[in-house]
Amino acid sequence: MESVAQKVLSSGFSLDFGPLKEPLAFIRLLEWLFSIFAFATTGGYSGSTSFNIQCKGREIEEVHAEFSYPFRLMQHGYQVLNCTTNTTTYNNFYLTGDHSSSAQFYVCIGVLAFLYSTASLILYLGYQHLYRESTRGPVMDLLVTAALAFLWLVSSSAWAKGLTDVKSATNPLTLISLPFCQGDMNCTAGATPAMGKLNSSVIFGFLNLILWGGNCWFIYKETPFHKTNQPANLEAGATPS
């Protein structure tokens, strides 16, 4: 039996944008676009949090703690003025928490979805005749799309929980409640990290879930499972969907 790769190589590439007028290819294009938004807004993030400290008899100093993807916060340090000595010395502290697993898993699913969307768009637009003449293509497409829809659900939910923990760990109110902000040191909250980019990444994740889950229906209509039911429906007087 001729393999799929051999069929692709032997059949000529014929670019046709007509399939984009149909839901199958158009939704795939949206999936390609939204998968880019999902992993780019997460993987490209960097931010900072701050708070103010003042020792008795000294000026107010602002402390900045920077952090970024993949959110191994315990690797991001900041320096706090030591109020127990007369000289200007600083103590090193670190943010708390490791949320890299959920962030990296989310980005990984986004990249995989982007790669598969790219490959399937090439198949839809350049090898549409090959896609429709075989039952194997739509069935495999349905299985992969359903699997990615499930993975979007898992990764988006995990990352939403991870983002909540990142917000809590980097909140200035959390930092000024730590033990070093006691005694002779007066601490006040500073600027809250800008989390709009990360909030949008979670939204893009669940939008991808809707797109990939919904597209399963249109791919299912291309499979023999749906087409074999049409004659029976027509004999019963029903109109095909």
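At 11% relative accessibility, Cys-181 counts as buried, because the cut-off for buried is under 20% relative accessible area. Cys-187 falls under that cut-off too, so with 14% relative accessibility Cys-187 is likewise classed as buried. The model examined here is predicted. In it, Cys-181 and Cys-187 are joined by a disulfide, with an S to S distance of 2.0 Å. The torsion about this S-S bond is -90 degrees, and the link is left-handed.

The search of the whole structure gives 2 disulfides. Besides the link of Cys-181 to Cys-187, there is a disulfide between Cys-55 and Cys-83. Here the sulfur atoms lie 1.6 Å apart. The torsion about the S-S bond is about -70 degrees, so the disulfide of Cys-55 and Cys-83 is left-handed. This pair links distant parts of the chain. Cys-55 belongs to strand β1, which spans residues 46-55. Cys-83 sits in the loop between β3 (77-81) and β4 (90-94). The two cysteines are 28 residues apart. Both Cys-55 and Cys-83 are buried. With the bonded cysteines numbered in sequence order, the pairing reads 1-2, 3-4.

Two further cysteines were examined for accessibility. Cys-108 has a relative accessible area of 39% and is therefore partly exposed, since that class lies between the 20% and 50% limits. Cys-216 has a relative accessibility of 16% and so counts as buried.

The largest nonpolar core holds 40 residues. The residues with the most contacts inside this core are Phe-51, Ile-53, Phe-67, Phe-71, Tyr-78, Trp-159 and Met-185. Among the helices, α2, α3 (100-126), α5 (136-170) and α7 each supply at least two residues. Among the strands, β1, β2 (61-68), β3 and β5 (185-189) each supply at least two as well. Helix α5 gives the most to this core, with 7 residues.

Phe-71 is not a glycine, yet its phi is positive, at about 70 degrees. Phe-71 is placed in the loop between β2 and β3. Its relative accessible area is 0%, so Phe-71 is buried. Pro-70 is found in this loop between β2 and β3 as well. The peptide bond from Tyr-69 to Pro-70 is cis, with omega near 15 degrees.

Helix packing was then considered. Two packed helices are described by the angle between their axes and the distance between the axes. Helix α2 covers residues 23-43, and helix α7 covers residues 196-220. Their axes come within 8 Å and cross at roughly 160 degrees. Angles over 145 degrees count as roughly antiparallel, so α2 is roughly antiparallel to α7. The crossing of α2 and α7 is left-handed. By class, this contact has 15 nonpolar, 7 polar and 3 charged residues.

Terms used. Residues are numbered from 1 along each chain as its sequence is written. This is a predicted model: local features need pLDDT of at least 70, side-chain atom pairs count only at pLDDT 80 or more; totals for chains, interfaces and linings use all residues. Side-chain values use heavy atoms; hydrogens and water are left out. A disulfide is a pair of cysteine sulfur atoms within 2.5 Å. Helices (H or I, at least four residues) and strands (E, at least two) are DSSP runs, numbered from the N terminus. Buried means under 20% relative accessible area, exposed over 50%, partly exposed in between (1.4 Å probe, protein chains only). Axes are lines fitted to C-alpha atoms, for helices over the stretch in contact, and angles run from 0 to 180 degrees between N-to-C directions. Angles under 35 degrees count as roughly parallel, over 145 as roughly antiparallel, 65 to 115 as roughly perpendicular and the rest as oblique. A crossing is left-handed if the near helix is turned anticlockwise from the far one by less than a right angle, and right-handed if clockwise. Ala, Val, Leu, Ile, Met, Phe, Trp, Tyr, Cys and Pro count as nonpolar, Asp, Glu, Lys and Arg as charged, and the others, Gly among them, as polar. A nonpolar core is a set of buried Ala, Val, Leu, Ile, Met, Phe, Trp, Tyr and Cys residues joined through side-chain atoms within 4.5 Å.
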